[in-house]
Amino acid sequence: QTISIAKAGITTVLNSRTSVLAAANPPSGRYDDLKTAQDNIDLQTTILSRFDLIFIVKDVRMYSQDKLIASHIIKLHATADSTSNDNRAPKEENWLKRYIQYCRTECRPRLSDSAATMLQNNYVKIRQDMRQQANESGESAAIPITVRQLEAIVRLSEALAKMRLSHIATEENVLEAIRLFNVSTMDAARSGINEHMNFTGEMAQAETQIKRRMGIGS
């Protein structure tokens, strides 16, 4: 993609030559399920629309999950010294790097006609669903669905085909790209309370008192 920069009266367009992975915390430090996604994310839509996939990662308190994470962290620290002292480099050490480099240089897939038609129909349907949701809630979505999101799904479809060293992105690749988009960006856009409720003065006061006494996420 490209990045437009305008500084001191000079306007230029630079090529984007790297992928960007960004992480951020909600304004309150923890994701609040009682708030809308727009209140939790609190970033400009112009920034959010530039990301292909947006995931909401919650720290859910579960015994089994906490135990697995703790066990993993302890193993990393326990084996840190042995890994650093082992100078034997296996032959397969850089096979993933070589594979990715080969995919980038030798494979440039494009959408098939049927996959392009499927992608077009799904994009129109997603736009209609988001418009209906905005009309029902009275609020615009925190993450707008624009042509940038369509291009993101195209890139995901082509990347999935590239992983298989295929020169054609098929309907199967499009379906998987749409699934990834739905479980990430679309879920993030729909998260939180979307129903528009008219609170009376007493209800708003009661809500304020409850929030003071209950922890976020409880």
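Ile-3 is found in strand S1 of a predicted model, in which local features need pLDDT of at least 70, side-chain atom pairs count only at pLDDT 80 or more, and totals for chains, interfaces and linings use all residues. Residues are numbered from 1 along each chain as its sequence is written, and side-chain values use heavy atoms, with hydrogens and water left out. Helices (H or I, at least four residues) and strands (E, at least two) are DSSP runs, numbered from the N terminus. The chain has nine helices and four strands.

- Eleven residues separate Ile-3 from Leu-14 in sequence, and their C-alpha atoms are 5.2 Å apart in space.
- Not counting residues up to four places away in sequence, Ile-3 touches Thr-12, Val-13, Leu-14 and Ser-16, where contact means heavy atoms within 4.5 Å.

**The chain as a whole**

- From the N terminus on, the order of elements is β-β-α-α-α-α-α-β-α-α-β-α-α.
- Of the 218 residues in the chain, 21% are buried.
- Among contacts between residues at least 6 apart in sequence, 70% join residues at least 24 apart.

- Most residues other than glycine have a negative phi.
- Ala-8 is not a glycine, yet its phi is positive, at about 55 degrees.
- Ala-8 lies in the loop between strand S1 (2-7) and strand S2 (10-15), and its relative accessible area of 83% makes Ala-8 exposed.
- Leu-165 is not a glycine either, and has a positive phi of about 60 degrees.
- The loop that holds Leu-165 runs between H7 and strand S4 (168-169); with a relative accessible area of 40%, Leu-165 is partly exposed.

**Helices H7 and H8**

- Two packed helices are described by the angle between their axes and the distance between the axes.
- Helix H7 (residues 147-163) and helix H8 (residues 171-190) have axes that come within 8 Å and cross at roughly 125 degrees; axes are lines fitted to C-alpha atoms, for helices over the stretch in contact, and angles run from 0 to 180 degrees between N-to-C directions.
- That angle makes H7 oblique to H8, since under 35 degrees counts as roughly parallel, over 145 as roughly antiparallel, 65 to 115 as roughly perpendicular and the rest as oblique.
- H7 supplies Gln-149, Ile-153, Leu-156, Ser-157, Leu-160 and Ala-161 to the contact, and H8 supplies Asn-173, Val-174, Glu-176, Ala-177, Ile-178 and Phe-181.
- By class, eight residues of this contact are nonpolar, three are polar and one is charged; Ala, Val, Leu, Ile, Met, Phe, Trp, Tyr, Cys and Pro count as nonpolar, Asp, Glu, Lys and Arg as charged, and the others, Gly among them, as polar.

- Gln-149 is in helix H7 and is buried, with a relative accessible area of 2%.
- The Gln-149 side chain reaches the backbone nitrogen of Thr-146 at 2.8 Å.
- Leaving aside neighbours within four places in sequence, Gln-149 is in contact with Ser-49, Phe-51, Pro-144 and Phe-181.
- Glu-158 is also placed in helix H7, and counts as buried at 19% relative accessibility.
- Beyond neighbours within four places in sequence, Glu-158 is in contact with Pro-109, Arg-110 and Ala-169.

Notes
Buried means under 20% relative accessible area, exposed over 50%, partly exposed in between (1.4 Å probe, protein chains only). A polar contact is a pair of N or O atoms within 3.5 Å; within protein, one must be able to donate a hydrogen and the other to accept it, and residues adjacent in sequence count only if both atoms are side-chain atoms.
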